[in-house]
Amino acid sequence: MFASLDTSGFLPPQASEFAVQSDMLFYYITAVCILGSAVVYGLLAYCCFMFARKEGVPSKRILGSTKLEFLWTSIPLVFFLSFFVWGVRLYDIAINPPPEAHEREYFVVGKQWMWKIQHPTGQREINELHLPIDTAVKISGTSEDVIHDFGVPAFRSKFDVVPGRITSAWYKPNKEGTYHLFCDQYCGQGHSQMVGKIHVLSQENYQAWLDGSYRIREGKNPVDGSPSWEGRKLFFKLQCVNCHNKESESRAPSLEAIYKTKRAIQGGTTIMATDDYLRNSIRNPMLHIRDGWKPIMPAYTRSQVTEEELLNVISYIKSLRPGDLPSRTESTPAPVGAKTQDTQAPAGGN
Amino acid sequence: MAANLKGPVAHHFNNLNQQLTTVRMGMWMFLVTEVLFFGGAFCAYTAYRVWFTSDFEAGSAALNVGIASVNTFLLLTSSLTITLGIRAAYAGNPKGLRNYLLATIILGVAFLGLKGREYQLDYQEGLIPNVSVLTPEAQKVVNERIAKDPGKADEKVYPFNENLAVVLHHEKFKGEPFVAYDPFRVQLFFMFYYSMTGLHVLHMIIGLGLLTWQYILACRGFFDYNARYVYIEAMSLYWHFVDMAWMFLLPLLYLAGPHSASQALEQFKVAIGLASGTH
Amino acid sequence: MTTANSIGTDTPMAIPKLDYTPQMSPEPELTPTEQREKPNYLNWQYGLLSWVLTVDHKRIGLMYLVSVSIFFMFGAIAAGLVRTNLIMPTGAILELDQYNKAFTAHGTIMLFLFLIPVIPGVLGNFLVPMMVGAKDMAFPKLNLMSYYVWAAGALFFVWQLTVGGLDTGWTLYPPYSSKYSHTNVLYAGLGIFITGFSSILTAINIIATVHKMRCPGMTWGRLPLFVWAMYATSVIQILATPVLAVTVVMLAVEKIFGVGIYDPTIGGDPILFQHMFWFYSHPAVYIMILPGMGVINEVLTCFSRKNIFGYKAVAWSSVGIAVVGFLVWGHHMFLAGQGYFLGQVFALLTMLVAVPSAIKVFNWTATLYGGSITFQAPMIFAIGFIILFTIGGVTGLFLGSMGTDIHLHDTYFVIAHFHYTMVGGMMFAWQAGLHFWWPKMTGKMYSDFWSRLAAVVMLVGFALTFLPQFVAGYMGMPRRYPNYPPEFQIYNVLSTAAAYLQGIGFAMPAFYLIGSLFFGKPAGNNPFRATGLEWQTSSPPGPHNFESLPQVYFGPYEYSVPDGLKILNDGSTNGVHSNGSANTDKGAAHGS
């Protein structure tokens, strides 16, 4: 079963751009550490041989040397700071997805003891993830219960998924193959069972995998079974549309095209509308109240909307372009597969 | 200062001065650990206070600031009495020492008594998360709500949340209803309230035990050697720390929400039975 | 307390010729008759109560030794279960739940019941008063209470592990520990809470002793570096341990009352637990390693017959580690979601805290230069320490540099790193200290051959156990996995095989050390010819340590200055600075 897994030698496969960059820093630190250790071990061995006890040869009285102290304080410090600088830059790359990755966002929900993964086009997988090669993708996740960690050694990437918040990472796989997916934060009995496979496919193969369940998005409403489609249904079911709708400009702020823009908050500050911001705005709206609006939005608890559903709602909000906000009197969206433009009445009527 | 001090020196010390300074240092080191202990709790509380400001204000409004105010006065006075006790021990005044120790103990016991009454009132008002049941008044409110809208009969009722609503309804500040709050976050506030005041009470009980022990020793003439004043001093350092912890707890917990002096007085009168209130 | 300088002989003693300078005049060796008549701390009082109610710091140290060794055995058995299970990718001997309980038991026992108390409790208690020239600790009764509190907490904790087990890992992360685990988190937490008190009380004692009980002439600059290390450790203990206590209390309140500060379902924050937990637990690892580093100073100088290279640098680096060690806890949480900027701050400070440790390693190696080295067991352990701690330290750099930590977090790389520092570092330092001061504590000498062999077996066994784990970790094998993909099997098998060898190595001292009690030769006052105050009195020491109040004229480690006693007696300095303070003389030997 694991024969297809791509492993070799003493290093895991380098299956993403980031893996190559991460390994370079690793080699650098290794080289410096081997050098430093060699100096210490060399000196140690030299002293143990040269200064083993000999009859009649007394020990020297050496109390110290400020010059040497300075030398072996500053040289390690310089090297350590270089590790810091390079490490921070590497980390920076790891947490800042390129713009195109935001278009392809995968969602993962970890729960004891499995991974539920959802493609931006709506397909779902359990413990497996198919990705197209040479495409930057973002992956965001949360947990339903305890803290887990979505770890892919071949991409040199992992991130904790924490209940109560959304965290994310991104990859650009550059090598076809099948790679390990591990849970990398102890989560109980099935921690070691919570493993899976990441399949990186060529572009054609990825399309082929998607065929049969591929959706097209037309019009201003998602109709394709994607997370946004699910999210739109919830937008109505949870009565969000009562305040956030096309007609009312005074009851609630518009939600069109707000993702990754700066929002003015009461108190004079601004805040970036990230996934976490959107999530908090629904779970804990009193945390950041938009400047110029009354604090009347109720908080939605887990009993009202689960984490998975919340991801879908957020996905819908992120998909709203100017003019996309529904009217209060609209109801169910078109069923999956319907090729409707929204100038027509949606199938099923108002 | 050490010139006219007399007292036995323990076997492992070289002289009296070494013994005195060491005892003092030991107590200071211990208090450092206590600062870190309470400090950890304060830090966690502060984090949540910053994140959930309005909810914590609501929770604080539900606390009995009347009792807290009187308790503050009691505790500060007890710190005074024990400090006077040090002086008495140093000056070789055993009767004064006994009186001051006794006064400190009495004031401390009074504090605990009022604190116990406060906890009792909290229990009566049904403000213990996940433990309390609905108070009669809250039950009435719930029944009215269901009567008005039978569709809500199936909704889960959280006793603490209902009880809290009743209490806060009475705690209108200058006639204004309380701002929107999340009762679950107020549960968090109350969890901090019980933990932090509970830890404080525990420290007070230990302190009172030690004070009683010192009082008994004083009655037996242990402190007739005036060099032994240093143990009273060590005790007073601990007692002052307990006092200081309270001086931080008071504003953090009790003064987070709006209160007024008349409200505090009213609460205190109810607490000691001079007035009957809805509390 | 007698102030006489002799023990009752009338003839003036001939001044022996020493090729080193002890810190004070050594007390004379006793003849066999005198030994029988003059009691030492072991035999001057008999009976169970004299041990149970003792306030003698030396007896308390021995009590810690026995208890800590027993708990070490439990922790080692747990480790054996873990490693044996890992021979097979599908788990060889344990079910999933059992494995989780086994690694949790191993971690908690080794950390809380062995690594943290061992050197402060055994060597700290026994030696710090003697090294500063005092008759006992500052608070002897508190010392005894500290032992009982620890023993009670430890027994309670181990009982909890046996009746229900604990399967949260030693890190106790919520929400797993607060809501989802079915084990005795509450009571186990209580056990840890109780043992924490002991840590605090011992630390208070050591700080007060070092500040207030130094004998005349023992300035801060003349303190053995072991005392500096113990002082720094004690400062960390009193500042960090209470935070763990309050964290565990909050977890308990959460479990008991069902409201929580860590429960995300009602707005709590599981990351807050991580912050509070690691605020203690990172300084805790410095509590573990600093005393070990202190021991190494003593052993290296004695067996190379040389002064420590850079006394001030080593002393201040201990303080530096203690201080900066409080500022780096977030490097355990780079991937936890603590925020990018905060992570950068912690990463920078982590790189800074690595510097004092590097300074120490260079200073120790330089200490050997120009020395006159012999390789008895304590020295083999000490050199092993330098070798292994270097590896442990540099592998920490990979983890502290945020970028590489992404790949290495929560893998076997981390496990190998901390075992290299804690076992290869601390454990080896403990063995060095135990073997160095065993003759002082018991008056008996152990087998030179067997002790050297044990040291080598431990060194080889340990190094081979964890080297494959670095590779497995970089390959991606996660930690706390009872089952794993088959390609990792080779590393696990190698590691387990070496672990058995290591286990044999750790078991060996039990035999020859206990054997020495019955069959060992009497050690004499100063078998290793060391300069510290504790070595100038009898082995085992008398009940009050010294015959009379010591008077110190020299710094520690004046191994390369001969005729020290002549200096003391005729007042000449012979080229040695009689203020004895650590000076920054360069290079050349002074005097004859």
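Predicted model: local features only at pLDDT ≥ 70, side-chain atom pairs only at ≥ 80, totals over all residues.
Among contacts in chain C between residues at least 6 apart in sequence, what percentage join residues at least 24 apart? The figure is 84%.

Let me begin with chain C as a whole. Its secondary structure consists of 17 helices and 2 strands. Along the principal axes, the C-alpha atoms of the chain occupy a box of roughly 80 × 55 × 40 Å. A compact globule with 592 residues would have a radius of gyration near 25 Å, and the 24 Å of chain C therefore agrees with that expectation. As for burial, 64% of the 592 residues in chain C are buried.

I turn next to one element of this chain, helix 12, which runs over residues 377–400. How many of the residues of helix 12 of chain C are buried? The count is 24 of 24, and the helix is thus described as mostly covered.

My last topic is the contact between chains B and C. Chain B contributes 29 residues and chain C contributes 33. On the side of chain B that touches chain C, the elements giving two or more residues are helix 1 (16–51) and helix 7 (183–219) of chain B. Helix 1 of chain B supplies the largest share of that side, namely 17 residues.

Terms used:
Residues numbered from 1 in each chain as written. Chains lettered and ligands numbered in written order. Helix = DSSP H or I, 4+ residues; strand = E, 2+ residues; numbered from the N terminus. Expected span 1.5 Å × (residues − 1). Buried ≥ 20, exposed ≤ 12 C-beta atoms within 10 Å, placed from the backbone. Contact = placed C-beta atoms within 7 Å. Rg over C-alpha atoms; globule rule 2.2 N^0.38 Å.
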